[in-house]
Number of protein chains: 2
Amino acid sequence: MDNRSGRFGHSGLLTDLYELTMAAGYVETHFDARATFELFVRNLPLRRNYLVAAGLEQALDFLEHVCFAADEIAYLRAHPLFQRIGRRFFDYLAGFRFSGDVWAMPEGTVFFPGEPLLRVTAPIADAQIVETCLLATLNFQTMIASKAARVVTAARGHSVIEFGTRRAHGIESGVLAARAAYIGGCQGTSNVMAGRRFGIPIFGTQAHSWIMAHESEEEAFRQFLDIYPHHAVLLVDTYDVHGAVEKIIAMGRRPRAVRLDSGDLAADSIWVRRRLDEAGWRDVEVFASGDLDEDRIAELLANGARIDGFGVGTALATSSDAPALGVIYKLVELERGGAVHNAAKFSEAKVTYPGRKQVFRVTGAGGKSAEDIIALEEEQFPGTEALLLPVMRGGKHILPATDLEEARRRCLSGLQRLPESVADLRAPLVLAGYPVRYSARLEELLGQVRRRVERAARI
Amino acid sequence: MDNRSGRFGHSGLLTDLYELTMAAGYVETHFDARATFELFVRNLPLRRNYLVAAGLEQALDFLEHVCFAADEIAYLRAHPLFQRIGRRFFDYLAGFRFSGDVWAMPEGTVFFPGEPLLRVTAPIADAQIVETCLLATLNFQTMIASKAARVVTAARGHSVIEFGTRRAHGIESGVLAARAAYIGGCQGTSNVMAGRRFGIPIFGTQAHSWIMAHESEEEAFRQFLDIYPHHAVLLVDTYDVHGAVEKIIAMGRRPRAVRLDSGDLAADSIWVRRRLDEAGWRDVEVFASGDLDEDRIAELLANGARIDGFGVGTALATSSDAPALGVIYKLVELERGGAVHNAAKFSEAKVTYPGRKQVFRVTGAGGKSAEDIIALEEEQFPGTEALLLPVMRGGKHILPATDLEEARRRCLSGLQRLPESVADLRAPLVLAGYPVRYSARLEELLGQVRRRVERAARI
């Protein structure tokens with residue numbers, strides 16, 4: 001087993017079975033083609049005006065290390081589905097290393113539907129095998145970073161700490177949610193592994209169990225203050241918020257902060273702030289948690305809550321109001337026998353534009369982003385910013401690993417550059433959509449492919 | 001690095017920081033106590049009448065192997081928060097092995113709010129450190145198994161295959177969602193790693209990209225049939241369902257099944273079934289996928305859809321209508337200095353019953369489950385079934401690993417034993433709640449603890 005590996009390694013088995021049945025098909029029929037697939041979303045989830053790219057580092061790490069162990073190949077070989085598949089395919093798996101080229105938006109990039117956030121060009125079987133893992137990785141972290149951006153926007157400069165590991169979809173999910181939330185603008189996480197592995201600031205207070213395990217609330221506070229004289233954040237809602245705060249003030253021991261986790265957070269925070277100020281403890285902060293999300297935070301601040309920082313759990317770590325993102329992986333070009341075929345799919349509601357694409361962002365008045373143009377890779381739009389960069393060539397990273405601080409800054413700067421109507425959390429989507437258009441050449445190419453497909457369908 | 005490990009190992013850092021600040025507090029203040037924590041949910045998520053326990057195997061695996069590596073301890077030691085923490089705590093971490101006892105409901109058990117699905121008794125610092133990982137693991141798989149049970153119920157005996165890895169919250173999440181969905185009654189998954197690791201049947205067809213990569217749809221079908229003469233499931237909606245099915249029939253090559261992935265699944269399936277039957281291909285199955293969930297499946301079957309099996313993705317792998325489960329971890333008992341203290345928490349809406357508990361299920365007429373009684377561990381209710389079993393003693397498994405087939409049968413049998421009003425997917429929750437009561441002794445103990453806490457609050 002591979003030491004760099006996850007619980008399930010960088011195994012090529014981390015895929016949907018149909019990727020392997022198709023790969024076997026391509027290998028067995030000597031279908032030698034180089035395919036380009038693009039990842040994008042067709043539509044924004046409800047209550048989202050934009051998305052924030054995240055997960056690229058984990059996606060590239062998978063591509064660089066994915067392989068099939070002998071026992072894994074034996075497992076496939078023994079499966080009835082593959083009983084007629086010859087040695088050629090299993091030899092291919094034994095030697096499998098992803099050898100493709102990848103272009104992608106750097107993590108933290110703000111982007112929109114239709115825009116490829118990643119593009120893979122590789123032998124078609126290779127490109128197919130890695131599809132599932134690329135999607136799972138990028139769908140998840142992009143979804144969380146996009147949610148975090150909303151929560152951070154709602155907090156209007158107050159800090160937001162990601163607290164959701166216990167409600168994340170498993171333990172790895174919790175660690176990566178913390179990472180994505182940081183890219184989306186959070187100040188830190190409660191997840192210690194995310195701190196250790198990614199250098200994200202970690203935050204922690206105390207639980208109700210600490211209070212309940214001690215003889216009295218006062219004893220629980222005193223012990224914690226003795227151990228953490230400069231860092232104690234005391235949880236004041238186990239029994240009664242007013243009583244707890246009065247006990248702390250009466251003790252004359254200044255904590256770093258107090259935490260409210262239930263009840264009327266607006267009213268309690270106003271009362272607590274006043275009492276702390278009266279005690280001369282203006283620097284003792286009020287921290288709030290308990291089923292918070294961007295709506296609750298906006299409401300609390302609108303109601304005059306005196307809260308310095310927010311701990312956000314479930315809503316952030318699961319993107320609970322939009323818990324899945326529809327990033328898809330579509331074939332856009334095929335090079336076979338020296339010819340290049342542009343692929344497109346036409347069905348009632350679904351059009352996929354063919355060709356290798358680039359996204360060009362136009363800056364308008366006041367430095368705001370004004371429009372995006374989705375165009376063919378080789379087109380030029382002087383004065384715009386090209387969002388996709390080359391990140392892997394021949395299966396090897398050609399950029400250093402993501403600098404999380406830089407990704408976070410990129411996100412925050414991208415959010416600042418959004419037109420106000422798009423950044424607004426309450427904006428009605430239909431009216432406020434950010435302008436994205438396809439280039440004239442891309443529309444023309446789509447028309448050509450459409451006519452070719454229609455001709456073929458008549459035959 | 002540990003070979004048995006996940007991407008993030010069985011590291012003790014897979015926890016919220018406050019677990020470690022509290023653990024340090026207990027160790028530093030020589031707070032020698034043995035604590036009992038119970039995991040339960042206070043309320044059912046929307047649209048759920050019951051839950052299905054899952055994730056125990058991964059939870060116990062974590063408990064059995066969790067430890068802190070030297071570099072992880074060095075990371076904590078260097079953190080400003082721990083600057084005043086002495087050697088005693090870091091030595092404790094260096095020697096850390098979970099040494100507690102655990103009782104739990106076997107995977108696949110149908111259960112209800114208030115009922116502990118797992119109970120931990122351990123030195124309080126140990127019990128605190130493992131909280132986060134236990135919650136993340138059990139919350140997630142229980143949520144997915146519970147969703148799967150609904151989807152499988154809606155399918156009324158037609159097979160349901162889990163297809164959601166690409167929309168799962170990361171790649172580990174996809175593998176474990178497949179496992180939990182199988183416990184909840186699915187027949188299999190598209191996730192190959194879940195097949196390899198857990199012995200779950202795997203299923204796969206072909207993607208639109210296979211069709212688009214070939215010169216023509218007919219050529220794409222023919223090649224696939226050549227390679228998989230007995231197993232080919234052909235995707236017929238890339239361009240036009242009727243055209244695709246007519247091509248297959250005209251070729252005279254019988255696939256195992258055809259798959260519909262878009263469009264009017266009810267109408268198309270009825271048409272496809274008729275054409276396949278006319279061709280004498282009664283054994284060729286019709287498989288459907290594409291944004292399915294229990295509501296869509298029930299609607300399709302109500303509208304006469306002729307579908308033999310359903311592939312369900314996003315809704316299953318993310319439990320998208322209820323993407324978080326509120327399993328919590330509450331202190332219920334503390335043994336310290338020879339005395340046993342029962343812990344309870346009182347706040348406006350939240351009562352936690354004290355004491356080590358057991359759940360007794362009463363069987364009524366026709367073998368149906370009639371009522372559950374939550375009682376103290378030592379109580380006896382002859383003729384009932386005790387749902388919690390001892391699973392770990394002194395940090396070691398005392399039961400073999402979960403037999404997934406048995407867990408799946410336990411779930412399906414538990415669902416069959418549910419009163420119809422509870423099993424019904426459309427049942428209004430308020431009217432249909434399954435009866436769960438607390439024993440008289442437990443109510444009495446709660447009263448005692450409540451009076452003690454009130455006295456203490458007045459002091």
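Two strands are taken to pair if DSSP finds at least two bridges between them. The legends below apply to a predicted model.

Figure 1. Chain A holds 18 helices and 19 strands. Its C-alpha trace spans about 85 × 55 × 35 Å along the principal axes. The chain is divided into domain 1, made of 17-144 + 322-458, and domain 2, made of 205-288. Taken over C-alpha atoms, the centres of domain 1 and domain 2 of chain A are separated by 49 Å. Of the 459 residues in chain A, 55% are buried. Among the contacts in chain A with a separation of 6 or more, 73% are between residues 24 or more positions apart.

**Figure 2. The open sheet of 7 strands in chain A.** The strand order is 13-12-1-5-3-17-18, and the pairing is antiparallel. Strand 13 (339-342) and strand 18 (396-397) of chain A stand at the edges; each has a single partner strand, so one side of each lacks a neighbour in the sheet.

**Figure 3. Strand 3 and strand 5 of chain A, with the helices that pack on the sheet.** Strand 3 (residues 101-104) and strand 5 (residues 118-123) of chain A run antiparallel and are joined by 4 bridges. A:Asp101 has A:Thr121, in strand 5 of chain A, as its bridge partner. Helix 6 (residues 131-154) of chain A packs on the sheet and touches strand 1 (33-41), strand 5 and strand 12 (327-336) of chain A. The direction of helix 6 makes about 140° with that of strand 12 of chain A. Helix 2 (residues 56-65) of chain A lies across strand 3, strand 17 (389-393) and strand 18 of chain A. Helix 2 runs at about 25° to strand 17 of chain A.

**Figure 4. The hairpin of strand 12 and strand 13 in chain B.** In chain B, 4 bridges join strand 12 (residues 327-336) to strand 13 (residues 339-342), and the two run antiparallel. B:Val340, in strand 13 of chain B, is the bridge partner of B:Glu335. The hairpin has 2 residues between the strands, and B:Gly337 takes a positive phi near 55°.

**Figure 5. Contacts between chain A and chain B.** On the two sides, 82 residues of chain B are in contact with 83 residues of chain A. Helix 1 (residues 17-28) of chain B gives the most to the side of chain B that touches chain A, with 8 residues. The residues of that side of chain B comprise 41 nonpolar, 32 polar and 9 charged.

**Figure 6. Superposition of chain B on chain A.** A rotation of 180° with 0.0 Å of shift along its axis places chain B on chain A, with an RMSD of 0.0 Å. The two copies are therefore related as by a two-fold rotation axis. Both copies use the same surface, since 100% of the contact residues of chain B recur in chain A.

Figure 7. Not counting residues up to four places away in sequence, A:Lys247 touches A:Glu217, A:Glu218 and A:Phe221. A:Phe221 is 26 residues from A:Lys247 in sequence, and their C-alpha atoms are 9.0 Å apart in space.

Technical notes
Residues are numbered from 1 along each chain as its sequence is written. Chains are lettered from A and ligands numbered from 1 in the order in which they are written. This is a predicted model: local features need pLDDT of at least 70, side-chain atom pairs count only at pLDDT 80 or more; totals for chains, interfaces and linings use all residues. Two residues are in contact if their C-beta atoms, placed from the backbone, lie within 7 Å. Axes are lines fitted to C-alpha atoms, for helices over the stretch in contact, and angles run from 0 to 180 degrees between N-to-C directions. Domain bounds come from an automatic or database domain assignment. A residue is buried if 20 or more other C-beta atoms lie within 10 Å of its own, exposed if 12 or fewer, and partly exposed in between; C-beta atoms are placed from the backbone. Ala, Val, Leu, Ile, Met, Phe, Trp, Tyr, Cys and Pro count as nonpolar, Asp, Glu, Lys and Arg as charged, and the others, Gly among them, as polar. Copies are superposed by least squares on the C-alpha atoms of residues with pLDDT of at least 70 in both.
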